[in-house]
Amino acid sequence: MKRLKSNDVGKLDGFLERLAQDVYPEPPSELHESITAMMLDRLLANNPLSTNARVLDVGCGQGLALAKFADRGLQPTGITLGRDDIAACRQAGLDVREMDQSFLGFRDAEFDLVWCRHCLEHSIFPYYTLAEFQRVLHPGGLLYVEVPAPDTSSAHQTNPNHYSVLGKSMWLELMRRAGFALIDQVDIDFTVPAGPDTYWAFVLRKP
């Protein structure tokens with residue numbers, strides 16, 4: 001691909017500015033509370049982190065996972081684009097930054113774990129976003145990604161700010177290309193009022 005020229009950067013910036021209208025608050029829910037607790041327990045049981053390990057929570061919402069990481073003695077930092085979510089996190093005393101997941105303002109190899117639960121599907125270029133996750137992880141660091149499956153009863157691909165609701169094999173291939181090794185994968189099946197639904201969880205390591 002050709003490198004972006006200055007006018008191309010302006011076009012991309014304008015496009016991203018229009019997409020900012022699709023951002024909405026993410027208050028905690030019973031479903032997401034239970035899945036977060038289940039998957040966080042599984043992740044840390046199989047891959048223990050040292051006390052004070054640095055964690056980046058991508059798309060942190062109103063701090064559901066941030067608080068759980070802090071309770072375990074880890075050092076979590078959250079990023080989100082939602083102003084209401086930022087306010088809720090800061091009111092709770094949590095470290096949160098207004099930042100796009102694809103343009104991370106962190107140094108190389110700064111984190112031990114990147115936790116990205118239901119945020120990567122909001123990226124317009126997930127391959128690049130995954131490369132950013134890889135950049136900010138130190139060698140041996142972990143990435144947790146959870147995304148909704150397409151074509152379930154919830155029709156996640158039709159959500160206004162879902163731009164990358166891909167098939168599982170495509171996700172796995174993008175993760176491989178971004179330099180990650182898969183170490184665990186879970187299909188999270190449940191039922192909502194509309195019918196059956198599925199989330200895919202991936203645990204990956206940066207070699």
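Start with helix H5, residues 126-136, which lies across strand E1 (54-58), strand E4 (111-117) and strand E5 (137-148). Relative to E5, H5 runs at about 145 degrees. Keep in mind throughout that this is a predicted model.

Show the side chains of H5 next. Pro-126, Thr-129, Leu-130, Glu-132, Phe-133, Gln-134 and Val-136 are buried there. What do the buried residues of H5 pack against? Their partners are E1, E4, E5 and H6.

Pick out Thr-129, a residue of H5. Thr-129 counts as buried because its relative accessibility is 0%, and the cut-off for buried is under 20%. Setting aside residues up to four places away in sequence, Thr-129 touches Gln-101, Ser-102, Leu-120 and Ser-123.

To see the contact, select Pro-126, Tyr-127 and Leu-130 in H5 together with Trp-171, Leu-174, Met-175 and Arg-177 in H6. Sorted by class, this contact of H5 with H6 has six nonpolar residues, no polar ones and one charged.

**The sheet**

How many strands form the open sheet, and in what order? Seven strands form it, in the order E3-E2-E1-E4-E5-E7-E6, with mixed pairing. Strand E3 (96-98) and strand E6 (181-192) are the edge strands, each pairing on one side only. From one strand to the next, the twist averages 15 degrees.

Strands of a sheet pair through backbone hydrogen bonds, either parallel or antiparallel. For an antiparallel case, select E6 and strand E7, residues 195-205, which pair over 11 bridges.

**Helix H4**

Bring back helix H4, residues 83-91. H4 lies across strand E2 (75-80) and E3, and runs at about 155 degrees to E3.

Select Asp-85, which is in H4. Is Asp-85 buried or exposed? Asp-85 is buried, as its relative accessible area is 2%. Apart from neighbours within four places in sequence, Asp-85 is in contact with Tyr-24, Pro-25, Glu-26, Gly-61, Gln-62 and Thr-80. Take Gly-61 from that list and draw a distance: its C-alpha atom is separated from that of Asp-85 by 5.4 Å, with the two residues 24 apart along the chain.

**Helices H2 and H3**

For the last stop, select helix H2 (residues 30-46) and helix H3 (residues 64-71). They pack at an angle of about 35 degrees, with their axes 10 Å apart. The crossing of H2 and H3 is right-handed. Which residues make the contact? From H2 they are His-32, Glu-33, Thr-36, Ala-37 and Leu-40, and from H3 they are Leu-64, Ala-65, Lys-68 and Phe-69. By class, the contact of H2 with H3 has five nonpolar residues, two polar and two charged.

While the side chains of both helices are on screen, look down each axis. An α-helix has 3.6 residues a turn, so residues three or four places apart point the same way.

Note on methods
Residues are numbered from 1 along each chain as its sequence is written. This is a predicted model: local features need pLDDT of at least 70, side-chain atom pairs count only at pLDDT 80 or more; totals for chains, interfaces and linings use all residues. Side-chain values use heavy atoms; hydrogens and water are left out. Axes are lines fitted to C-alpha atoms, for helices over the stretch in contact, and angles run from 0 to 180 degrees between N-to-C directions. Helices (H or I, at least four residues) and strands (E, at least two) are DSSP runs, numbered from the N terminus. A crossing is left-handed if the near helix is turned anticlockwise from the far one by less than a right angle, and right-handed if clockwise. Contact means heavy atoms within 4.5 Å. Ala, Val, Leu, Ile, Met, Phe, Trp, Tyr, Cys and Pro count as nonpolar, Asp, Glu, Lys and Arg as charged, and the others, Gly among them, as polar. Two strands pair if DSSP finds at least two bridges between them. Buried means under 20% relative accessible area, exposed over 50%, partly exposed in between (1.4 Å probe, protein chains only).
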